[in-house]
Amino acid sequence: MANKKNISKGDILISLPSGNLIDLSFSRSLILLADHEELGSVGFVLNKPIEITLSDLIPTTNAQYTIYEGGPVEQDKIFCIHKRPDIIPNSLHINDELYWGGDFDTILNLVNTGVLSKDDIRFYLGYTGWDIDQLENEIEDNYWITIDKFEYDLLLTIPSKQVWKKAIKSLGQDYTIWLNAPENPNFN
């Protein structure tokens, strides 16, 4: 279901290539809403890997996990989305398949010992945030398309370059024109 009226945590936001010509940083982004409340929203960009690994940021680990750009807020902090609340204390529920955060010392220990694999967890620098009504206004201005059903189990395993296209395909024929559009529509 695209562009539903009620937004809730666990929804996926899809940015079309021309969604906001003023701010191209979110062009072709796929964002998972980790939290959505009356006071605002928190999400993570799922498909923008950066050229550093977890071991580059945390020298006490040798884990070569890719780090993703989570968004423009608090880019000096590491966040994570995972599917293992059973072994990560203080995990925050997103939906039946995904959680975020938790005890970071435990997470690092589980990564270092190989208990958590790359298919269980993804790490992000920063997050995307919206104030009261900001997200609703951006959706109304067509910066985002929302979907509330997605194969969440694939979000941690599908290659990041494919996840945006998979989300666009899930919207149906009306949106397939965007599959080959450049990330910056000014280059078209």
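Just after helix H4, Gly-172 takes a positive phi of about 105°. Helices here are DSSP runs of H or I with at least four residues, strands are E runs of at least two, and both are numbered from the N terminus. This is a predicted model, where local features need pLDDT of at least 70, side-chain atom pairs count only at pLDDT 80 or more, and totals for chains, interfaces and linings use all residues. Residues are numbered from 1 along each chain as its sequence is written, and side-chain values use heavy atoms, with hydrogens and water left out.

Let's step back into H4 itself, which spans residues 160-170. Ser-160, Val-163, Trp-164, Ala-167 and Ile-168 are buried there; buried means under 20% relative accessible area, exposed over 50%, and partly exposed in between, with a 1.4 Å probe and protein chains only. Looking down the axis of H4, the buried residues fall within an arc of 130°, so they line one face of the helix. (The arc is taken from the directions that run from the helix axis to the C-beta atoms.) Lys-161 and Lys-169 are exposed on the other side of H4. And what sits over the buried residues? The cover includes strands E1 (12-14), E2 (30-37), E4 (49-53) and E5 (66-69), with contact meaning heavy atoms within 4.5 Å.

Ile-14 touches, among others, Leu-30, Ile-145, Ile-147 and, from H4, Trp-164, Ala-167 and Ile-168, not counting residues up to four places away in sequence.

Just after H2, Gly-114 takes a positive phi of about 85°.

From H1, pick out Leu-54. Leu-54 counts as buried because its relative accessibility is 0%. Leaving aside neighbours within four places in sequence, Leu-54 is in contact with Thr-61, Ala-63, Tyr-65, Ile-67, Ile-78, Leu-108, Val-111 and Phe-123. The C-alpha atoms of Leu-54 and Gln-64 are separated by 5.9 Å, although the two are 10 residues apart along the chain.

Asp-11 has its place in the segment before E1, and counts as buried because its relative accessibility is 2%. A polar atom of the Asp-11 side chain lies 2.9 Å from the backbone nitrogen of Ser-8.

Now for the whole chain. There are four helices and 10 strands, following the pattern β-β-β-β-α-β-β-β-β-α-β-α-β-α. Of the 188 residues, 47% count as buried. Among contacts between residues at least 6 apart in sequence, 63% join residues at least 24 apart.

Note on methods. Polar contact = N/O pair within 3.5 Å; in protein donor to acceptor, adjacent residues only side chain to side chain.
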